[in-house]
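Subject: Structure for your review

Dear colleague,

Please find the structure below, followed by a summary of what was found in it. I would be grateful if you could read the two side by side.

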Amino acid sequence: MTPNAIEVEDLRVVRGGEEVLHGISLSVPHGLVTGLLGPSGCGKTTLMRAIVGVQIVAGGTVEVLGLPAGSPALRSRVSRHARERVGYVTQAPSVYGDLTVLENLRYFATIVDTGHDRVAEVLDAVGLTGRAGQLTASLSGGERARVSLASALLGRPELLVLDEPTVGLDPVLRAELWEMFHALAATGTTLLVSSHVMDEAAECDRLLLMREGALLEQTTPQMLRDSTGEHDLGRAFLAMIKSAVE
Amino acid sequence: MSLRVTAATAQRVLWQIRHDPRTVAMLLVVPCFLLVLLRYVFDGRPETFQQIGAPLCGLFPFIVMFLVTSITMLRERTTGTLERLMTLPVAKLDLLAGYAIAFGALAAVQAATVCVVGFAVLGLAAPHGAVLIAVLAIANALLGMALGLLVSAFARTEFQAVQFMPALIFPQLLLCGLFVPRSAMAPLLEAVSWALPLTYAYDALARATDPAPLGSALFLDVVAIAAAGFAALALGALTLRRRTA
């Protein structure tokens, strides 16, 4: 096993004729919850898309679980009992609105070749058991997002890439999700979770701080507090940007 | 390619359609209604009704499946489900074949309904059997599906996708020979009509509704329909990209 789940080296992405990621290098270690934080529009989603291999990149290398991002081997499992390699949850829920919650999960379960008992497990994990028979389009935004998350959990992926999974959720639910992320990490899952809310940084084991298409820092919440002398992580982020500009 | 994923995709598309009973009802009722309308529009000219109405039974599924598929596929692209599928162990062929099975089944039901109304109720003549028309209708529906899949890549919104119908299908309907024999058109248009898939779809139906014995021309038409369908599917597959900008 390679030391890190994700290795990005000098990644550059050009969209619509403009460079949106300017040579990013970073690494994400196995089995931890790594937070990708930065303001809206700083390139978090583009970086995540490059990691799961759906983004056309202009330069640099992205290695995921020891393989180039987007390799067919990352989409398929080694054997029927092996875990799925990579799970990806987009910011907008990518599930079928005109199917029920259960139908959505059954379809994705068949694709990743896992049993229907697993469908019941993930439904329970995201707290949607009572909504199984409901049409997905009729759910609230937060519930739809959880259907999307549940779909990605089906194959027990080794690496979970989650784009703003907790945005707009009820605080109790948000706390439950963070609990689940850490429980997953405890069973050896690597998580990369993005957020534009600095409050969430405190929930992460490690932090990747982004701004305007560049990576500012790879750190931990404690290190960020110590290096800036700010207890509040939002203020610490600001202090760090200021000292970087100066 | 995986049979499991193909079958699951076909089932999923049928599940989606089942949750939209109004669309299903319209898919079945609207062509029949138009046929009845046509019957009474040509009340005094039954031979014209036979000439246009009979082939039309086999063309409705083409038009409808083109529209339904282009919108369904566009939704798949815009809601991010296509992107999710592209990160999963799904081959493009699984997706295309799954769509073809689901929409083929839907087209079969639609073709059967239209043919019953046209040939059994409204008295259109099918000298070689209505079943032949229904089979051609399903082949045409799959051609329409393949074209719809292809054009969905060139639409950003559902408004644009709907516009492909007058832009791409109406000209083919005008040039295929349904309303005016192709030999009576301006030479340039007749030449263009040879390159349009619907020309062969119509030609097959015109032969199948004509009392003259069926020759090898019908077979060649079917070959042309299949070739156009596979070409559109292959081009459509190229537009299903795992990596996008």
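Strand β1 (residues 4-15) of chain A pairs with β2(A) in the antiparallel sense over 9 bridges. Strands here are DSSP runs of E with at least two residues, helices are runs of H or I with at least four residues, and both are numbered from the N terminus; two strands pair if DSSP finds at least two bridges between them. Within this pairing, V13(A) stands opposite L21(A) in β2(A). The hairpin of β1(A) and β2(A) has 2 residues between the strands, and G16(A) takes a positive phi near 55° there.

This is a predicted model, in which local features need pLDDT of at least 70 and side-chain atom pairs count only at pLDDT 80 or more, while totals for chains, interfaces and linings use all residues. Residues are numbered from 1 along each chain as its sequence is written, and chains are lettered from A and ligands numbered from 1 in the order in which they are written.

β1(A) is also joined to β4(A), by 5 bridges and in antiparallel fashion, with E7(A) standing opposite E63(A) in β4(A). Strand β4 (residues 59-64) of chain A runs antiparallel to β5(A) as well, through 2 bridges; here E63(A) stands opposite P68(A).

Helix α5 (residues 141-153) of chain A has 13 residues and reaches 19 Å from its first C-alpha to its last, close to the 18 Å expected (1.5 Å times one less than its number of residues). Of its 13 residues, 11 are buried, among them R144(A), V147(A) and L149(A). A residue counts as buried if 20 or more other C-beta atoms, placed from the backbone, lie within 10 Å of its own. The buried residues of α5(A) pack against β6 (86-89), α3 (101-111), α4 (116-125) and β7 (159-162) of chain A.

Chain B comes to 10 helices and 0 strands. Its radius of gyration is 18 Å, which agrees with the value near 18 Å for a compact globule of 245 residues (taken over C-alpha atoms; the rule is 2.2 Å times the number of residues to the power 0.38). The C-alpha trace of chain B spans about 60 × 40 × 35 Å along its principal axes, and buried residues make up 44% of the chain. Among contacts in chain B with a separation of 6 or more, 80% are between residues 24 or more positions apart; a contact requires C-beta atoms, placed from the backbone, within 7 Å.

The largest nonpolar core has 145 residues, and those with the most contacts inside it include I51(A), L105(A), F103(B) and A141(B). Such a core is a set of buried Ala, Val, Leu, Ile, Met, Phe, Trp, Tyr and Cys residues joined through C-beta atoms within 7 Å. Helix α6 (residues 130-152) of chain B gives the largest share of this core, 17 residues. Leaving aside residues up to four places away in sequence, A141(B) touches P61(B), F62(B), M65(B), F103(B), G104(B), A107(B) and A111(B).

Finally, 22 residues of chain B are in contact with 25 residues of chain A. α1(B) gives the most to the side of chain B that touches chain A, with 6 residues.

Yours sincerely

Terms used: Buried ≥ 20, exposed ≤ 12 C-beta atoms within 10 Å, placed from the backbone. Contact = placed C-beta atoms within 7 Å.
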